[in-house]
Amino acid sequence: MKKCIVSFSSHGRENYNQKLLGLIKSCKEAGWDGDYYLRSYDGYVDEYLGVKIKLGSYPVTERYGLCNNHSEIPYGFKPHMIQEAREQGYEQIIWCDSTIRMEKYPQFLIDYANDLGIAAHDNLGFPLYGWLNDYAQERLKISDENLKIVQQIMACQITFDFTNPKCVEIFDLWLSASRDGVSFQNYGSLRDGFKATRHDQAYLSGLLYNYEVPLLPYGKLVYPPHHESGEYGNDFYFVNGK
């Protein structure tokens with residue numbers, strides 16, 4: 001099957017363009033043998049270690065004319081870039097934020113996604129009820145009572161297998177939600193314990209719950225210092241923010 005790493009970068013709160021180069025380097029060192037589908041909105045390097053980076057375009061604007069920047073559809077670039085890769089024939093797609101570093105070849109995650117459709121990681125300590133806006137909750141049809149038990153994912157690294165029909169169904173709903181004008185937006189909630197909207201991450205968490213796709217426990221993807229402390233084991237494939 002055709003597989004690729006998909007990522008997007010810009011010079012935002014940090015120099016994510018530079019971090020994208022670190023992602024490429026880590027994948028090379030971990031033995032990644034698939035392709036890369038990478039974009040940079042305002043980057044300065046169109047190739048690094050033999051890997052091409054498409055410069056100067058914002059995915060949602062170029063393909064769909066929906067918006068001109070990240071703030072209009074927060075994180076809308078993510079499902080749209082994955083869709084672009086899918087349309088190019090990729091069946092196994094690994095989304096990585098530019099801050100992600102591949103520590104070892106993610107065969108376990110690829111196999112997990114092949115079996116269940118999507119491999120996503122539990123966002124330990126951040127249950128969904130605090131991060132899903134009311135419009136998104138209404139569209140997902142998750143009751144307040146059920147919302148209390150829904151885990152939230154870490155959207156910095158997600159593995160999709162489009163040969164699995166469940167992946168296709170979930171992803172198409174996620175992509176549609178990015179275009180509905182409310183689900184990814186910074187709307188709030190009067191729900192007790194609500195903190196802020198988490199856009200793409202929150203909505204996909206609700207979809208995975210609705211489709212009964214179990215999340216991987218925290219530990220396959222970790223944040224520093226857990227990659228050094230071993231508090232959650234040493235069997236991790238990715239580190240975010242290393």
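**Exercise 1.** In this predicted model, determine which residues of helix H7 meet which residues of helix H8, and describe the contact.

*Solution.* Begin with the residue lists: from H7, Ile-170, Leu-173, Trp-174 and Ala-177 meet Asp-200, Tyr-203, Leu-204, Leu-207 and Leu-208 of H8. Sorted by class, this contact of H7 with H8 comprises eight nonpolar residues, no polar ones and one charged residue. Turning to geometry, the axes of H7 and H8 (residues 199-210) come within 10 Å and cross at roughly 145 degrees, and the crossing is right-handed.

**Exercise 2.** Work out how helix H3 is oriented relative to helix H7, and which residues meet.

*Solution.* First take the angle: H3 (residues 77-87) and H7 (residues 165-178) pack at about 130 degrees, with their axes 9 Å apart. Angles of 65 to 115 degrees count as roughly perpendicular and those over 145 as roughly antiparallel, and H3 and H7 are therefore oblique to each other. Next comes the handedness, which is left-handed where H3 passes H7. Finally, Lys-78, Pro-79, His-80, Ile-82, Gln-83 and Arg-86 of H3 meet Val-168, Phe-171, Asp-172, Trp-174, Leu-175 and Ser-178 of H7, a contact that by class holds six nonpolar, three polar and three charged residues.

Key. Residues numbered from 1 in each chain as written. Predicted model: local features only at pLDDT ≥ 70, side-chain atom pairs only at ≥ 80, totals over all residues. Heavy atoms only, no water. Axes fitted to C-alpha atoms, helices over the stretch in contact; angles between N-to-C directions. Helix = DSSP H or I, 4+ residues; strand = E, 2+ residues; numbered from the N terminus. Parallel < 35°, antiparallel > 145°, perpendicular 65-115°, else oblique. Left-handed = near helix turned anticlockwise from the far one by under 90°. Contact = heavy atoms within 4.5 Å. Nonpolar A, V, L, I, M, F, W, Y, C, P; charged D, E, K, R; others polar.
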